[in-house]
Amino acid sequence: MRIAIVGATGNIGARTAAAVERAGHEAVRISRSLGVDLINGDGLDAALTGVDAVVDAMSHEATDRDAAVAYFGTATRNLLAAEEQAGVRHHVLLSIVGIDRVEGNAHYAGKREQEHLVSEGPVPWTIVPFTQFHDFGATVASWTEQDGVAPIPPLLVQPIAPADVADILAEIAMGPPQGRHRDVAGPETQDLVDMARRTNDARGHAVKLVPTWSSLLGPEMAGDALLPGENARIAPTTFDAWLVDPQ
């Protein structure tokens, strides 16, 4: 198969492209840095020539809700239109568990727009909701760190290894469209503050963590808001194992 990976230079996209190639298929890497722009469409038609399936692992940082919705919406519309023209038979969207339960998050609003466009679009699809990644704790702390201090919300999460995410996305892209896939999560629940502390310790990064809901992520994400639903698919890699070998 010829499988295109959107966001192929990113954390998940690069791993997914590698997983596709390990399985003996051709990975077509799509990103702005590689000359394909989803917002204005430059290079998109050429990149999708002969492609059987597309994995959308694009990412975009936005704190403004309208800006996030506009970006993800424009990029997804252009991508789906180009896929339809190229005869792509399967669109796989990397999504996030719990986005329908959290209203105030700008990134989640953009992901909901993606899900809507894909599910109503012209290309057969699979939407795969994943829980937060194992590096999420340290990432959140890095967003807020100032002068060696980082406010961080005490979220309850069930994190998954990025390598497991990539393997599952590649596996699904090789198969038939499934519609909405069941939630996918790691094997254990974790406290985000503890995850950030342990990850930073492992990396040799000294930062004082201050648990608070007065940070970037608010109490609408507390409790089980970010946890997988019943019958979730459980990936194998534990947080402890990832800390030892963060692949």
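Student: Okay, so exposed means over 50% relative accessible area, buried means under 20%, and partly exposed is in between. Is Asp147 buried or exposed, then?

Tutor: Asp147 has a relative accessible area of 77%, so it is exposed. Keep in mind that we're looking at a predicted model.

Student: Where is Asp147?

Tutor: You'll find Asp147 in the loop between helix 5 and strand 6 (149–152). Its phi is positive, about 55°, although Asp147 is not a glycine.

Student: What about Asn231, what's its phi?

Tutor: Asn231 has a phi near 65°, again a positive value in a residue other than glycine. Asn231 belongs to the loop between strand 11 (208–211) and strand 12 (233–234). With 65% relative accessibility it counts as exposed, because the cut-off is over 50%.

Student: New topic: how many aromatic pairs are there?

Tutor: Searching the whole structure gives three aromatic pairs. One of them joins Phe136 and Trp143 edge-to-face, with 6.3 Å centre to centre and 85° between the planes.

Student: Why is that one called edge-to-face?

Tutor: Planes over 60 degrees apart count as edge-to-face, and here the angle is 85°.

Student: And is Phe136 buried or exposed?

Tutor: Phe136 has 11% relative accessibility, so it counts as buried.

Student: How are Phe239 and Trp242 arranged?

Tutor: Phe239 and Trp242 make a stacked pair, 5.8 Å centre to centre and with 25° between the planes. Both are in helix 8 (residues 239–244), three residues apart, which is about one turn of the helix. An α-helix has 3.6 residues a turn, so residues three or four places apart point the same way. Phe239 and Trp242 are both buried.

Student: Let's jump to helix 1. How far apart are its end C-alpha atoms?

Tutor: They are 17 Å apart. Helix 1 (residues 11–22) has 12 residues, and at 1.5 Å a residue it should span 16 Å, so the two values agree.

Student: Which residues of helix 1 are buried?

Tutor: Ile12, Gly13, Thr16, Ala17, Ala19 and Val20 are the buried ones. They cover an arc of only 160° around the axis, so they lie on the same side of helix 1.

Student: What do those buried residues pack against?

Tutor: They pack against strand 1 (2–6), strand 2 (26–30), strand 3 (53–56), strand 4 (90–96) and helix 6 (162–173). After helix 1 comes Gly24, with a positive phi near 95°.

Student: Last one: what does Glu84 touch, apart from its neighbours within four places in sequence?

Tutor: Glu84 is in contact with Pro122 and Val123. Its place is in helix 3 (residues 65–86). Glu84 and Pro124 are 40 residues apart in sequence, and 9.6 Å apart in space from C-alpha to C-alpha.

Conventions. Residues numbered from 1 in each chain as written. Predicted model: local features only at pLDDT ≥ 70, side-chain atom pairs only at ≥ 80, totals over all residues. Heavy atoms only, no water. Phe/Tyr/Trp six-rings, centres within 6.5 Å; stacked < 30°, edge-to-face > 60°. Buried < 20%, exposed > 50% of the residue type's maximum accessible area, 1.4 Å probe, protein only. Helix = DSSP H or I, 4+ residues; strand = E, 2+ residues; numbered from the N terminus. Expected span 1.5 Å × (residues − 1). Arc of directions from axis to C-beta. Contact = heavy atoms within 4.5 Å.
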